[in-house]
Amino acid sequence: MSYRIPDKSVWTGRESAVSAYMHEVINCKSLQEIENSDEQKIALLGYACDEGVRRNLGRTGAKNGPGAIRNRLAKVSNHPGLFSQIVDFGDICCAGDDLEGTQEELAHAVTRLLDASYFPKLMGGGHDIAYGHYQGIRKHLNEQKIGIINFDAHFDLRTFQGESTSGTPFYQIATDCASADRAFHYMCLGVQPLSNIPELYQTADQLGASYVNRKEFSLSNLEAILDKVDKFVTAVDHIYFTIDLDGFAASIAPGVSAPSPFGFDVDLVLILLDKLFDTGKVISMDIAELNPEYDIDRHTARLAAYLIAYIIQR
């Protein structure tokens, strides 16, 4: 594992007289400068790692995702009161093939941020970000019930065979929960049957996971989806949600390891994000799998940046 301190020079864009863009209000600090605060602040932290994608036989390049998101996020308009108290804490990076060490370091950073009253917004990187992220939340919350909501075309419940990959994070979490005699609260929204073998559906059912297949994950089925999400959220104390960009249609998110022509719609995700924040239970979030090498005109990076900006409004 290695750590890269934030670089204020990457936060560039058009200048204004009234701090009208995010790059004009962002603060940069190293993780060594985390300080406790009575007021909740927003922390941006990159996970510059795609070793899990490589192990999962995917297209590498996601390690450059955090930088691409910052590039687009810097230029987002800052309407009055929208962006305040936002700190970029740089990137947790994977040195060589030490994915497990990188996840441990990420977990440690997340715990420190939560302990200091920051709201973490993590930027990946492969979806193996979820295992380290969850471990950091778990250490902060101890025995409170954590609900995981994954917006994704994939379950990422592949059986753990001794090493993490981008396809194993939620199976690893389920295994840890079982070892601690703790319930596993997991919901996957937008699952694509063509991208998940039957064994993964069996695993999801055996683990008691809740899910909505892509065909049913649409605005026309909104009432039923909201009802299912409401029941899931009611059963937990806190929500950690993760957005895998490969769940969106490839027409708007081409820059991922596994693009999908049958992906889901942005408007539906925004409605559900509103629903989650209205509960007051959201404690942390991440966006995963941006691969700038395969992005077209930065469409996917822009989508990720806009999603983060939208979440900051909440």
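This report walks through the fold of one protein chain, from its overall form to a few single residues.

The model is predicted, so local features need pLDDT of at least 70 and side-chain atom pairs count only at pLDDT 80 or more, while totals for chains, interfaces and linings use all residues. Residues are numbered from 1 along each chain as its sequence is written, and side-chain values use heavy atoms, with hydrogens and water left out.

## The chain as a whole

The secondary structure comes to 9 helices and 10 strands. Here helices (H or I, at least four residues) and strands (E, at least two) are DSSP runs, numbered from the N terminus. Along its principal axes, the C-alpha trace spans about 55 × 40 × 40 Å.

Of the 314 residues, 56% count as buried. Buried means under 20% relative accessible area, exposed means over 50%, and partly exposed lies in between (1.4 Å probe, protein chains only). The chain exposes about 13000 Å², and carbon and sulfur atoms supply 48% of that area; such areas come from the Shrake-Rupley method with a 1.4 Å probe, and for residues only the protein chains shown count as cover.

Contact means heavy atoms within 4.5 Å. Among contacts between residues at least 6 apart in sequence, 78% join residues at least 24 apart.

In soluble globular proteins, nonpolar side chains tend to be buried together. A nonpolar core is a set of buried Ala, Val, Leu, Ile, Met, Phe, Trp, Tyr and Cys residues joined through side-chain atoms within 4.5 Å. The largest such core has 53 residues, and Ile149, Phe151 and Phe241 touch the most other members. Helix 9 (residues 299-313) gives the most to this core, with 9 residues. Apart from it lies another core, of 45 residues, among them Leu45, Leu106, Ile146 and Ile148.

Which residues does isoleucine 149 contact, leaving aside its neighbours within four places in sequence? They are Met187, Leu189, Phe232, Val233, Ile239, Tyr240, Phe241, Thr242 and Leu276.

Isoleucine 146, in strand 6 (residues 146-151), touches Tyr134, Ile137, Arg138, Leu141, His185, Val236, His238 and Tyr240, not counting residues up to four places away in sequence. The C-alpha atoms of isoleucine 146 and valine 233 are separated by 9.5 Å, although these residues are 87 apart along the chain.

## An enclosed helix

Helix 2 (residues 65-73) has 7 of its 9 residues buried, so it is largely enclosed by the rest of the structure. The buried ones are Gly65, Pro66, Ala68, Ile69, Arg70, Arg72 and Leu73. Their cover includes strand 3 (41-48), strand 4 (86-93), strand 5 (118-124) and helix 9.

Isoleucine 129 has its place in helix 4. Leaving out residues up to four places away in sequence, isoleucine 129 touches Tyr47, Leu106, Leu122, Met123, Gly124, Asp286 and Ala288. Threonine 242 is 113 residues from isoleucine 129 in sequence and 9.3 Å from it in space, C-alpha to C-alpha.

## Backbone features worth a look

Most residues other than glycine have a negative phi, and most peptide bonds are trans. A cis peptide bond joins glycine 124 and glycine 125, with omega about 10 degrees. Glycine 125 is found in the loop between strand 5 and helix 4 (129-141).

Glutamate 289 is not a glycine, yet has a positive phi of about 75 degrees. Aspartate 297 also has a positive phi, near 55 degrees. Glutamate 289 sits in the loop between strand 10 (282-288) and helix 9, and aspartate 297 lies in the loop between strand 10 and helix 9.

Aspartate 246 belongs to the loop between strand 9 (238-244) and helix 8 (266-278). Beyond neighbours within four places in sequence, aspartate 246 is in contact with Asp152, Ala153, His154, Val256, Ala258 and Ser260.

Here is how accessible these residues are.

| Residue | Relative accessibility | Class |
|---|---|---|
| Isoleucine 129 | 0% | buried |
| Isoleucine 146 | 3% | buried |
| Aspartate 246 | 4% | buried |
| Glutamate 289 | 5% | buried |
| Aspartate 297 | 60% | exposed |
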